[in-house]
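Please read this briefing alongside the sequence and the coordinates.

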Amino acid sequence: MTAPLTPPHQPPHDPDWPPPPPPPFGPSGDSITPAEVLYGVVVTIVSAVTGALLGWLWLSLAPHVLLISDGKGVYLRDSEGESAIGADGTFVLLALAFGAVAALVVFLLRRKGGVPLVLGLALGGVLGSLLAWGVGTYFGPARDVVAHAKAVGPNVAFEAPLELNMAAAAMLAWPLAAMIVHLALTALFGPRDPEPEYWGPQPPEQKTL
């Protein structure tokens, strides 16, 4: 004679025990839909294209390094100046602002959030930063310093090419700002998951006389 195989964690068949609860639902339990993937792709493309505006603002607002030639070599006009650092700082500050604004706009348009949106903000921020870097350096002062010095002549100051000395760190400013701001907005003002229903023994019903 053998005992019935009943799992030890299985509650006894008792009317006081309700049926097992349904599986959890909500943003954490839902699968990624094609619509959410499409939203993420749109966010990536729009963010990347917006990088052209960042590049133009960087070119317009960043301090430029002045060079001068004596006919034999090219030198910094102000060897103690901080214009080179200022160009990096301007790019980073603008990138942080662009990332924060992008996260705010995405949150206002799509409060539900989702993984594709966050990935779109991150990837779009990197692509936008790369485009901004390219726009600023391409439309900025000539990159051939020697030819530029010969063209303007000796003892005449001219602008050095616009460069990023800390390019790797600058490229991360936009995506980091976008993800942090979007995460904060979602945590503070995003939709809340419904409270899970109680599952367990039910209190006995009180009979009225």
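Leaving aside its neighbours within four places in sequence, with which residues is serine 47 in contact? With contact meaning heavy atoms within 4.5 Å, the partners of serine 47 are Gly124, Gly125, Gly128 and Trp174. This is a predicted model, in which local features need pLDDT of at least 70 and side-chain atom pairs count only at pLDDT 80 or more, while totals for chains, interfaces and linings use all residues. Residues are numbered from 1 along each chain as its sequence is written, and side-chain values use heavy atoms, with hydrogens and water left out.

**Confidence**
- The average pLDDT (the predictor's confidence in each residue, from 0 to 100) is 79 for the chain, and 72% of the residues score at least 70.
- Over residues 24–29 pLDDT stays under 50, and the model has four contacts beyond four places in sequence for them.
- Where pLDDT is low, the predicted coordinates should not be read in detail.

**Whole chain**
- The chain holds five helices and three strands, which run α-β-β-α-α-α-β-α from the N terminus on; helices (H or I, at least four residues) and strands (E, at least two) are DSSP runs, numbered from the N terminus.
- Of its 209 residues, 31% count as buried, where buried means under 20% relative accessible area, exposed over 50% and partly exposed in between, with a 1.4 Å probe and protein chains only.
- Among the contacts in the chain with a separation of 6 or more, 81% come from residues 24 or more positions apart.
- The accessible surface of the chain (Shrake-Rupley method, 1.4 Å probe; for residues, only the protein chains shown count as cover) comes to about 14200 Å², and carbon and sulfur atoms account for 68% of that area.

**Helix 1 and serine 47**
- Helix 1 covers residues 34–61 and includes serine 47, which is buried because its relative accessible area is 6%.
- The end C-alpha atoms of helix 1 are 41 Å apart, which agrees with the 40 Å that its 28 residues should span at 1.5 Å a residue, the expected span being 1.5 Å times one less than the number of residues.
- The buried residues of helix 1 include Glu36, Gly40, Val43, Thr44, Ala48 and Trp58.

- Helix 5 (residues 167–189) has 23 residues and reaches 34 Å from its first C-alpha to its last, close to the expected 33 Å.
- At alanine 173 helix 5 bends by about 30 degrees, and proline 175 follows within four residues; the bend is the angle between axes fitted to the seven residues ending there and the seven starting there.
- Among the buried residues of helix 5 are Ala173, Trp174, Pro175 and His182.
- Histidine 182 counts as buried because its relative accessibility is 4%, and, not counting residues up to four places away in sequence, histidine 182 touches Ala103, Val106, Phe107, Gly113, Val118 and Leu121.

**Glycine 89**
- Glycine 89 lies in helix 2 (residues 83–109) and, at 30% relative accessibility, counts as partly exposed.
- Between the C-alpha atoms of glycine 89 and leucine 164, which are 75 residues apart along the chain, the separation is 9.3 Å.

**Aromatic pairs**
- The structure holds three aromatic pairs, a pair being rings of Phe, Tyr and Trp (its six-membered ring) whose centres lie within 6.5 Å, with planes under 30 degrees apart counted as stacked, over 60 as edge-to-face and the rest as tilted.
- The rings of tyrosine 138 and phenylalanine 139 form an edge-to-face pair, because their planes stand at 85 degrees with the centres 4.9 Å apart.
- Tyrosine 138 is exposed at a relative accessible area of 66%, and phenylalanine 139 counts as exposed at 58% relative accessibility.
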